[in-house]
Amino acid sequence: MADLKPTVPLAGLNEAIGRARLAALDPGRVTSVAPWPGRNVDAALAPLGLHFPPPGTVIAAQGARIAWAGRQLAFLIGAEPPAALAGVAALTDQSDGWVWVHLSGADASAVLARLTPLDLRPSAFAVGTVARTVINHMQALILRGAEDGFEIAVFASMAGTLHHELTEAMRLVAARARI
Amino acid sequence: MRIPCPCCGSRDRREFTYYGAAVFLDRPAPDAGLEAWDGYLHLRDNPAGVTRDLWYHDPCAAWIEVERDTLTHRILSTHLVEDAAAALRAARPEAQP
């Protein structure tokens with residue numbers, strides 16, 4: 001049988017245009033956690049030092065993170081789900097289902113503002129929080145790690161479109177800066 | 001137009017999909033008769049003023065009941081359909097979701 005090498009969409013991507021940089025990002029294992037109705041998952045997440053995040057929040061501990069990802073849904077990032085979690089929540093491995101990129105640089109907000117209706121001012125979208133929104137027509141999850149640093153995730157099948165949309169916006173923002 | 005999502009806060013209208021009037025939540029009993037079912041399926045008010053309708057917030061997957069004013073475009077209140085449906089079930093235990 002052929003020896004297949006595992007890879008990620010946009011592997012090796014690291015593109016700087018103007019004052020923005022777009023790079024591939026491997027978040028590690030990503031599992032969606034959807035608590036069964038009426039069940040509390042905090043005890044099952046406790047071994048990781050985590051608990052279920054309220055809307056818009058990201059909780060980090062011991063290298064693992066859990067980010068709110070929708071109504072009664074969170075993404076456990078960078079850790080294997082504890083066994084006890086399976087009894088209280090629907091778990092789905094999303095590692096290959098979503099593609100992640102990191103957008104950074106002084107113009108990162110300006111680039112993103114061309115693609116999403118989300119209010120990107122730090123007063124509305126604070127550093128260390130997460131938002132579900134859209135990037136043009138794509139459903140997206142955006143984590144703000146820094147004022148000018150965003151982790152962006154969309155469905156893996158849309159990796160090419162995400163790359164195209166973001167680099168196009170980066171080109172336009174850079175072109176405008178030259179005027 | 002901006003709609004306050006109970007999960008996400010104030011968001012742009014582009015993130016939402018309109019479904020229809022909120023009367024969809026108040027489903028008649030199976031034996032309520034033709035007139036009630038005809039009204040439920042086909043008859044809608046078109047008020048100049050306060051109206052209630054259902055919107056879906058696509059990014060966070062929440063169904064939302066929005067109370068708004070068609071004259072001023074003001075959003076008066078929003079809440080999760082989950083909560084509205086629970087209140088409806090409590091008020092009318094015989095009606096099934």
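**The domain boundary in chain A**

Modeller: Across the interface of domain 1 of chain A and domain 2 of chain A, three residue pairs are in polar contact, both residues of each pair being at pLDDT 80 or more. A polar contact here is a pair of N or O atoms within 3.5 Å; within protein, one must be able to donate a hydrogen and the other to accept it, and residues adjacent in sequence count only if both atoms are side-chain atoms. Strands (E, at least two residues) and helices (H or I, at least four residues) are DSSP runs, numbered from the N terminus.

A word on conventions. This is a predicted model, in which local features need pLDDT of at least 70 and side-chain atom pairs count only at pLDDT 80 or more, while totals for chains, interfaces and linings use all residues. Residues are numbered from 1 along each chain as its sequence is written, chains are lettered from A and ligands numbered from 1 in the order in which they are written, and side-chain values use heavy atoms, with hydrogens and water left out.

Now the two domains themselves. Domain 1 of chain A covers 18-26 + 96-178, and domain 2 covers 30-93; these bounds come from an automatic or database domain assignment. Taken over C-alpha atoms, the centres of the two domains in chain A are 24 Å apart. Nine residues of domain 1 and eleven residues of domain 2 make the contact in chain A, where contact means heavy atoms within 4.5 Å. Between them, the two domains of chain A bury about 840 Å², with carbon and sulfur atoms giving 64% of that area. W100(A), V130(A) and R132(A) supply 47% of the area that domain 1 buries against domain 2 in chain A, more than any other three residues. Buried area is the accessible area (1.4 Å probe) that two parts lose on being put together, summed over both.

There is also a charged link. Side chains of opposite charge can pair when their charged atoms come close. The interface between domain 1 and domain 2 of chain A has one salt bridge, meaning a side-chain nitrogen of Lys or Arg within 4 Å of a carboxyl oxygen of Asp or Glu. R65(A) and E151(A) form a salt bridge, with 2.9 Å from N to O. Because R65(A) sits in strand β5 of chain A and E151(A) in strand β11 (residues 149-155) of chain A, this pair ties together parts that are 86 residues apart in sequence. Over all chains, the whole structure has eleven salt bridges.

Next, the sheet that holds these strands. Six strands of chain A form an open sheet in the order β1-β2-β8-β11-β10-β9, with antiparallel pairing; two strands pair if DSSP finds at least two bridges between them. β1 (14-17) and β9 of chain A are the edge strands, each pairing on one side only. On average, neighbouring strands of this sheet are turned by 25° against each other, direction ignored. Seven bridges join β8(A) and β11(A) in the antiparallel sense, and W98(A) stands opposite F155(A) in β11(A). Helix α3 (residues 159-178) of chain A lies across β1, β2 (20-24), β8, β9, β10 and β11 of chain A, at about 25° to β1(A). Axes are lines fitted to C-alpha atoms, for helices over the stretch in contact, and angles run from 0 to 180 degrees between N-to-C directions.

Finally, the neighbouring chain. Chain A brings 13 residues into contact with 14 residues of chain B. About 1000 Å² is buried between chain A and chain B, and carbon and sulfur atoms give 55% of it. One salt bridge crosses the interface of chain A and chain B: R71(A) and E82(B) meet at 2.9 Å, N to O. Six residue pairs are in polar contact across the interface of chain A and chain B, both residues at pLDDT 80 or more. On the side of chain A that touches chain B, β5 (64-70) and β9 of chain A each give two or more residues, and β9(A) gives the largest share, four residues.
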